[in-house]
Amino acid sequence: MAAGDLAGSDTLTPGSEGAAARARRIGVLIVNLGSPDGTSYWPMRRYLGEFLSDRRVIEVPRALWLPLLNLVILSVRPQKSGKAYASIWNTALDEAPLKTITRAQSEKLATALQDLPVTVDWAMRYGKPPVAERLKAMVDAGCDRVLVVPLYPQYAAATTATVNDVAFDALKTMRRQPALRTAPNWHDDPVYIDALATSIIDHLATLDFEPEVVLASFHGVPVEYVQKGDPYADQCRETVRLLRARLGWSEERLRLTFQSRFGKAEWLQPYTDKTVEALAKSGVKRMAVVMPGFAADCLETLEEIGEENAEIFHENGGEDFSAIPCLNDSAGGIAVLERVVRRELEGWV
Ligand SMILES: C=CC1=C(C)c2cc3[nH]c(cc4nc(cc5[nH]c(cc1n2)c(C)c5CCC(=O)O)C(CCC(=O)O)=C4C)c(C)c3C=C
Ligand SMILES: [Fe+2]
Ligand SMILES: [Fe+2]
């Protein structure tokens, strides 16, 4: 094979599965959490059903959890969450923002990796496109090695490990498996910290107010998961410590909080919504929130922070509130993904 056949990254478009195999390409599959196909009851129920049936997400014994999930939660939560998704829906493409942004990240990452013999694609852990389908498409297109990149800067079993689980599960059905690598977390990578710091500084420069406090709000997990050994909380704390150092900010100026509680158990604290309320009540008038644990804007950033927490702030006496966009497909965001991929492909390219 000519050397030129190996060079140049591309993206894998649906339908290319049957294309003539190009030998010895490397697949790079970026994977985020996933979203419902629509905001009405049944698409929401299907999505939440798949998500909340994952043993990595809900560790309650099945005999207790499945009746509660199927009889109670899946009859009420689809309506409530559907309304929230409707308020942020990308109506032009009729899809959730997480999908739009992940696709754009995949396309821009392919361009950034053009000098390498890689095929870049994207998938979702829940909903579409599924990890197994896109992995198979990569193999059919001639990839004999695949790097799976769970799009989470901080490792949690409920996010990173469950992506890896489904990738390895997909290989179980293949006679000729590709070699599979999974990318580790990048919570302390200088390129990531720098991209976050730049995004904060750039965003604050666009505001007509100076926040007195900035929250670094991460998705929470139950405290019990951390007690069982999940490194997630420590990695969130380390990200914020490095970010403060990079910005030269104090612990009072950049505060760590955890959002998106689900269920009745105790989750990581301090809670974002309670902190926003307390800050407003204590007389803070101007604040901003950055969400470093999300590689892309989604329901939890756009609706929960951008709408719900903004309202909490205003209702309790706050005046100016701003949600800082995630790194998304910005130059800084793509630089982070490129950094992770190039590092993890060492020895393969
Ligand atoms: C970024 C890391 C995330 C962790 C850690 C995480 C843990 C976790 N989440 C739930 C329950 C829900 N999360 C939901 C949405 C959601 N969660 C993340 C990321 C993490 N979750 C993202 C990116 C999203 C948004 C997806 C989108 O389409 O925009 C939802 C669905 C929405 C809702 O009904 O509230 C649930 C439910 C648990 C239980 C958990 C840890 C164990
Ligand atoms: Fe979540
Ligand atoms: Fe939420």
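Which domains does the domain assignment of the protein chain give? And what can be said about the shell around ligand 1?

Reply: The model is a predicted one, in which local features need pLDDT of at least 70 and side-chain atom pairs count only at pLDDT 80 or more, while totals for chains, interfaces and linings use all residues. Residues are numbered from 1 along each chain as its sequence is written, and chains are lettered from A and ligands numbered from 1 in the order in which they are written.

The domain assignment gives domain 1 (41–86) and domain 2 (190–323), with bounds that come from an automatic or database assignment. The centres of domain 1 and domain 2, taken over C-alpha atoms, are separated by 26 Å. Both domain 1 and domain 2 give residues to the shell around ligand 1, so the ligand lies between them.

That shell holds 22 residues, of which Ser35, Ser81, His219, Cys298 and Leu299 come nearest to ligand 1; a residue is near a molecule if its C-beta atom, placed from the backbone, lies within 6 Å of it. At least two shell residues are supplied by each of α1 (41–52), α2 (62–86), α5 (157–171) and α10 (299–315), where helices are DSSP runs (H or I, at least four residues) numbered from the N terminus. Sorted by class, the shell around ligand 1 has 14 nonpolar, 6 polar and 2 charged residues, with Ala, Val, Leu, Ile, Met, Phe, Trp, Tyr, Cys and Pro counted as nonpolar, Asp, Glu, Lys and Arg as charged, and the others, Gly among them, as polar.

Elsewhere, Leu29 touches residues that include Asp121, Arg134 and Val149, not counting residues up to four places away in sequence, a contact being two C-beta atoms, placed from the backbone, within 7 Å.
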